[in-house]
Amino acid sequence: MSTIPQDQWYVAAYGREIGRELFSRTICNESILFWRTASGQVTAMSDRCVHRRFPLSQAPTRLVDDQVVCGYHGFTYGADGACVAVPGQTRVPRTARLRSYPVVEQDSFVWVFIGDPDRADATPVPRAPWLDSRDWTTVSGMEPLAARFGLLVDNLLDLSHETYLHGGYIGTPEVAGTPITTEVDDEAGVVRVARHMADAECPPFYSRSTGLTGRISRWQDIEYTPPCLYLLHSRIAPVGSVPDPDGTDPDAFHVEVVYAITPETDTSTHDFWAVARDFARDDESVSDFLAEQNRTVVLQDVEALDVLERVIAIEPPGYQELSINIDTGGLAARRMLTRLTQPVPAVS
Amino acid sequence: MVWLPGSDQLLGRCHCGAEHVAEEPVEVWEWLLAHPVGHGTADHPQTPELVGAR
Ligand code: FES
Ligand SMILES: [Fe+2]
Ligand SMILES: [Zn+2]
């Protein structure tokens, strides 16, 4: 059985990736065609022609106004996926319709609903409002991961790995050395992991971007909303500085690190990453630096997890992992994911 | 679940208020998930300000 939760919203793309060109991406084992109508709406439908399953993202298939004309024999589809014309005859078979997917464009992402479309409206789309806010500056990207999405969830829920895998970038000794607090909010469907380092070395990622020299107070507050959206609220400040009682925090630098963890197949993942900041907002050299650094860090994880996937793929069944204190967040996330993969009764 | 400062111990606190201290996380999650089984008495009283400390 697949471990990919159904009836969930997943990030399929950045809005900037989808325009008047036919765009295809596999999400949760489904090959989906995306394009933008003349009025700017993103549409999502199956990337397989109902006739002889020619991929509609494939030339010479083309977009004519708001219709997709299959490049093989000319079946023509509207923005809702319904077939409006077939070659050589006037009658269009009633069942000629591409599966279409609920889509929401929000916070710079294109979200697609995988599962029973009737459940989409009742399922909230998780938010990452910084990514298209005027008050924040964001850099972002996406890296392909040849590993199952659960490995990336494990990775992101336990940031103690920064000390080892990302030393010299974002890792310092204090990350692995500082205890965490983990909280499961079943009602909100969120796992929270907090690690507050009161007096820590400042890694290059933050010293070069904030200009802080010397030791810092570094807070990492994770909020993971299974299955797809991961937020890391990162607060960097001079040692001793805390937010004011009214909630303002003028002496601190804030970075919102966002990941969207979207299964491509059972054993591969789209690793969307974004870094939003509330300082040096017009400084392009800071943007370039953070983008380059974060991409490097993501690729360090990708390299490690690709290896791990290959190990898991060929290991005999029954391997026993050993969990320690740093794994409390990852274990909580796994439990929530397991619950999401359990079948729910059909909507009547 | 709080990793108690200065120790290797984990403190689990259930929504019902019960608490449980153990050495490794699988045991604490199992205890939390077993609610209400075994949640009757706070068998390991802790200083309250640790609970929910972030
Ligand atoms: S496969 Fe598309 S029209 Fe024949
Ligand atoms: Fe990492
Ligand atoms: Zn309880």
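Strands are DSSP runs of E with at least two residues, numbered from the N terminus. This is a predicted model, in which local features need pLDDT of at least 70, side-chain atom pairs count only at pLDDT 80 or more, and totals for chains, interfaces and linings use all residues. Residues are numbered from 1 along each chain as its sequence is written.

**Exercise 1.** Describe the two faces of strand 2 of chain A and its pairing with strand 3.

Solution. Begin with strand 2 (residues 23–27), whose covered face carries A:F23, A:R25 and A:I27, while A:S24 and A:T26 lie on the uncovered one. Next, strand 2 pairs with strand 3 (residues 30–36) of chain A in the antiparallel sense over five bridges, where pairing requires that DSSP finds at least two bridges between the strands. Within this pairing, A:S24 has A:L33 as its bridge partner. Finally, the two strands form a hairpin with two residues between them, and A:C28 in the turn has a positive phi of about 50 degrees.

**Exercise 2.** Identify the protein donors of the iron ion (ligand 2) and their spacing in sequence.

Solution. Donors are N, O and S atoms within 2.8 Å of the metal (3.2 Å for Na, K and Ca), and water is not among the atoms, so sites may look incomplete. In sequence, the donor residues follow the spacing H-x4-H-x134-D. Both A:H161 and A:H166 are buried, that is, under 20% relative accessible area (1.4 Å probe, protein chains only).

Note on methods
Chains are lettered from A and ligands numbered from 1 in the order in which they are written. Side-chain values use heavy atoms; hydrogens and water are left out. Buried means under 20% relative accessible area, exposed over 50%, partly exposed in between (1.4 Å probe, protein chains only). Helices (H or I, at least four residues) and strands (E, at least two) are DSSP runs, numbered from the N terminus.
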